[in-house]
Amino acid sequence: MDYRKFDNTYYLRMDKDDEIIGGILEVCRRENIQSAIFSGIGGCKSAEIQTFLPESRTFETRELSGMLELVSLNGSVTIESDESLSHHTHGAFAYLENGKHQMAGGHIKSVTVLYTAEIELRPVTGGKIGRKRDPETGTSFWEF
């Protein structure tokens, strides 16, 4: 991974075998970024995507592998009450399965680069965003 800052925005180039979410959080720790939003595209080799099931308040996980075109990655980094960083990320992937074009997407648990991924990371300026647990869903939402 390599990255540069231009004005208030960071541009990350992820390389083969880099795990994207871990890389984003690593840059945030290095640069003391407590809250940010990010987006990206790339060529990946594996992904764990999840779908939230409200009735059981759990996530169903699906693992993808092979040549995965990361056509959209969007997420946020927030700071927890214990000062640790967390992410909330969604993504969509295009791939071939049995010679047919397929799409899959959802909440991203992890995603590993095959060739490269290009990520734009925009820190929140003038404040920070935390997370607040919602008792109804069991998930966390932004807290200002």
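The largest pocket holds about 370 Å³ of space. A pocket here is an open set of points on a 1 Å grid over the protein atoms alone, with protein on both sides within 12 Å along at least five of seven lines, and its lining residues have an atom within 4 Å of a point. The volume is the space filled by probe spheres set on the points, which are joined across faces, edges and corners. Of the 18 lining residues, Phe-59, His-88, His-107, Thr-139 and Ser-140 are the closest to the pocket's centre. Two or more lining residues come from each of strands S3 (36-53), S5 (85-97), S7 (130-133) and S8 (140-143), and S5 gives the most, with four. Strands are DSSP runs of E with at least two residues, helices are runs of H or I with at least four, and both are numbered from the N terminus. By class, the lining has three nonpolar, 11 polar and four charged residues; Ala, Val, Leu, Ile, Met, Phe, Trp, Tyr, Cys and Pro count as nonpolar, Asp, Glu, Lys and Arg as charged, and the others, Gly among them, as polar.

A word on the model itself: it is predicted, local features need pLDDT of at least 70, side-chain atom pairs count only at pLDDT 80 or more, and totals for chains, interfaces and linings use all residues. Residues are numbered from 1 along each chain as its sequence is written, and side-chain values use heavy atoms, with hydrogens and water left out.

Within H1, the buried residues are Ile-20, Ile-21, Gly-23, Ile-24, Leu-25, Val-27 and Cys-28. Their cover includes strand S1 (2-6), S2, S3, S4, S5 and S6. Just after the helix, Asn-32 takes a positive phi of about 55°.

Methods. On a 1 Å grid over the protein atoms alone, a cavity is a set of points where a 1.4 Å probe fits but cannot get out, and a pocket is an open set with protein on both sides within 12 Å along at least five of seven lines; lining residues have an atom within 4 Å of a point. Buried means under 20% relative accessible area, exposed over 50%, partly exposed in between (1.4 Å probe, protein chains only). Contact means heavy atoms within 4.5 Å.
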